[in-house]
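Student: I would like to go through this model term by term. Please set each value against its definition before you draw a conclusion.

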Amino acid sequence: MKSILPVVAAAGMVMSCLLAASDAAAFSASAPQAAQATRTDVVRAAMQPQGQVKPQFQRRVVRLVTNEAPGTIIIDTNNKYLYLVEGDNRARRYGIGVGREGYGWSGVVKVGRKAEWPGWTPPPEMIVREAKKGHKLPAYQEGGEDNPLGARAMYLYRNGNDTAFRIHGTNQPWSIGLNMSSGCIRMMNKDVVDLYDRVPVGTKVIVVGPGNKQGEVSYQDRGIDVLRTIFGG
């Protein structure tokens with residue numbers, strides 16, 4: 001009996017810490033949120049001071065109550081979370097940053113194609129906007145560590161047509177949890193690689209944002225799944 005006491009005690013301490021974090025991060029889809037800070041466009045990470053990703057935006061396994069089928073992606077642009085539904089009230093939750101093209105839009109789409117270390121073609125309006133600030137953007141940038149689309153990209157389609165919205169990585173990890181003035185749905189590179197490996201082309205994606213164009217979607221984040229976090233599964 002004495003041999004298992006240290007293990008039980010350690011597990012209890014971990015659970016206490018996780019429960020505290022869970023309480024802080026838990027929310028419902030209708031919960032009010034403080035306005036997110038905005039930042040200016042950045043092409044290379046070195047152009048802005050670096051910072052740490054807040055703990056609530058680190059990847060977690062959570063208890064998510066939803067009627068959406070396993071394998072569905074739900075993107076909450078207001079609270080800056082992306083969920084991969086796993087069924088049985090379970091999901092993987094990733095922190096995201098939301099660019100101008102992302103936070104003004106909502107709808108139901110599918111992953112139409114995927115790319116590793118994608119190249120980047122800046123939209124014309126961004127080229128003009130940056131030129132006014134003295135930043136000359138390339139017409140096209142090859143994929144790589146300094147590419148704004150990061151390590152992976154999942155291109156969102158509707159009715160077989162590219163919507164121009166993407167889930168992608170970023171070379172600006174400090175931007176996770178923020179509204180940005182460019183880009184779509186950005187994730188830390190380690191997270192976008194994890195998601196990329198879990199979802200196939202054809203995956204349903206629900207973007208919850210302004211205008212309720214996504215229609216009715218029911219989900220409630222009840223915080224960190226403590227037992228899965230400790231014991232796996």
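Tutor: In α4, the residues Asp 191, Val 192, Asp 194, Leu 195 and Tyr 196 are buried, where buried stands for a relative accessible area under 20%, exposed for over 50% and partly exposed for what lies in between (1.4 Å probe, protein chains only). The model is a predicted one, in which local features need pLDDT of at least 70 and side-chain atom pairs count only at pLDDT 80 or more, while totals for chains, interfaces and linings use all residues. Residues are numbered from 1 along each chain as its sequence is written, and side-chain values use heavy atoms, with hydrogens and water left out.

Student: Which elements do the buried residues of α4 pack against?

Tutor: They pack against β4, β5, β6 (90–95), β8, β9 and β10, contact being defined as heavy atoms within 4.5 Å. Helices (H or I, at least four residues) and strands (E, at least two) are DSSP runs numbered from the N terminus, and the chain comes to five helices and 14 strands.

Student: What makes up the largest nonpolar core?

Tutor: A nonpolar core is a set of buried Ala, Val, Leu, Ile, Met, Phe, Trp, Tyr and Cys residues joined through side-chain atoms within 4.5 Å, and the largest one here has 23 residues, with Ile 73, Ile 75, Leu 82, Ile 167 and Leu 195 making the most contacts inside it. Two or more of its residues come from each of β4 (73–76), β5 (81–87), β8 (107–116), β9 (152–158), β10 (161–168), α4 (189–198) and β13 (204–208), and α4 gives the most, three residues. Another core, of 15 residues, lies apart from it and includes Phe 57, Val 62, Ala 91 and Tyr 219.

Student: Why is Val 85 called buried?

Tutor: Its relative accessible area is 3%, so Val 85 falls under the cut-off for that term. Val 85 belongs to strand β5 and, not counting residues up to four places away in sequence, touches Leu 64, Thr 66, Glu 68, Ala 69, Pro 70, Gly 71, Thr 72, Ile 74, Arg 90 and Ala 91. From Leu 64 it is 21 residues apart in sequence and 7.8 Å apart in space, C-alpha to C-alpha.

Student: How do you know that Gly 169 counts as buried?

Tutor: The relative accessibility of Gly 169 is 0%, and it therefore counts as buried. Gly 169 lies in the loop between β10 and β11 (179–180), and, its neighbours within four places in sequence left aside, its contacts include Pro 148, Leu 149, Arg 186, Met 187 and Val 192.

Student: What makes you say that the buried residues of α3 line one face of the helix?

Tutor: The buried residues of α3 (residues 124–132) are Met 126, Arg 129 and Glu 130. Seen down the axis, they fall within an arc of 95°, so they line one face, the arc being that of the directions from the helix axis to the C-beta atoms. On the other side of α3, Pro 124, Ala 131 and Lys 132 are exposed. Gly 134, which follows the helix, has a positive phi, near 90°.

Student: What sets the phi of Asn 89 apart?

Tutor: Most residues other than glycine have a negative phi. Asn 89 is not a glycine, yet its phi is positive, near 60°. This residue sits in the loop between β5 and β6, and at a relative accessible area of 44% Asn 89 is partly exposed. Ala 164, again not a glycine, has a positive phi of about 75°, and it is found in strand β10.

Student: Which residues are the closest to the centre of the largest pocket?

Tutor: Of the 21 lining residues, the closest to the centre are Trp 120, Thr 121, Pro 123, Leu 149 and Gly 183. The volume of this pocket is about 350 Å³. Its lining divides into ten nonpolar, seven polar and four charged residues. α3 and β10 each supply at least two residues of that lining, and the largest share, three residues, comes from β10.

Student: How many of the residues of the chain count as buried?

Tutor: Of the 233 residues, 48% count as buried. Of the contacts in the chain with a separation of 6 or more, 70% are between residues 24 or more positions apart.

Notes: On a 1 Å grid over the protein atoms alone, a cavity is a set of points where a 1.4 Å probe fits but cannot get out, and a pocket is an open set with protein on both sides within 12 Å along at least five of seven lines; lining residues have an atom within 4 Å of a point. Grid points are joined across faces, edges and corners, and a volume is the space filled by probe spheres set on the points. Ala, Val, Leu, Ile, Met, Phe, Trp, Tyr, Cys and Pro count as nonpolar, Asp, Glu, Lys and Arg as charged, and the others, Gly among them, as polar.
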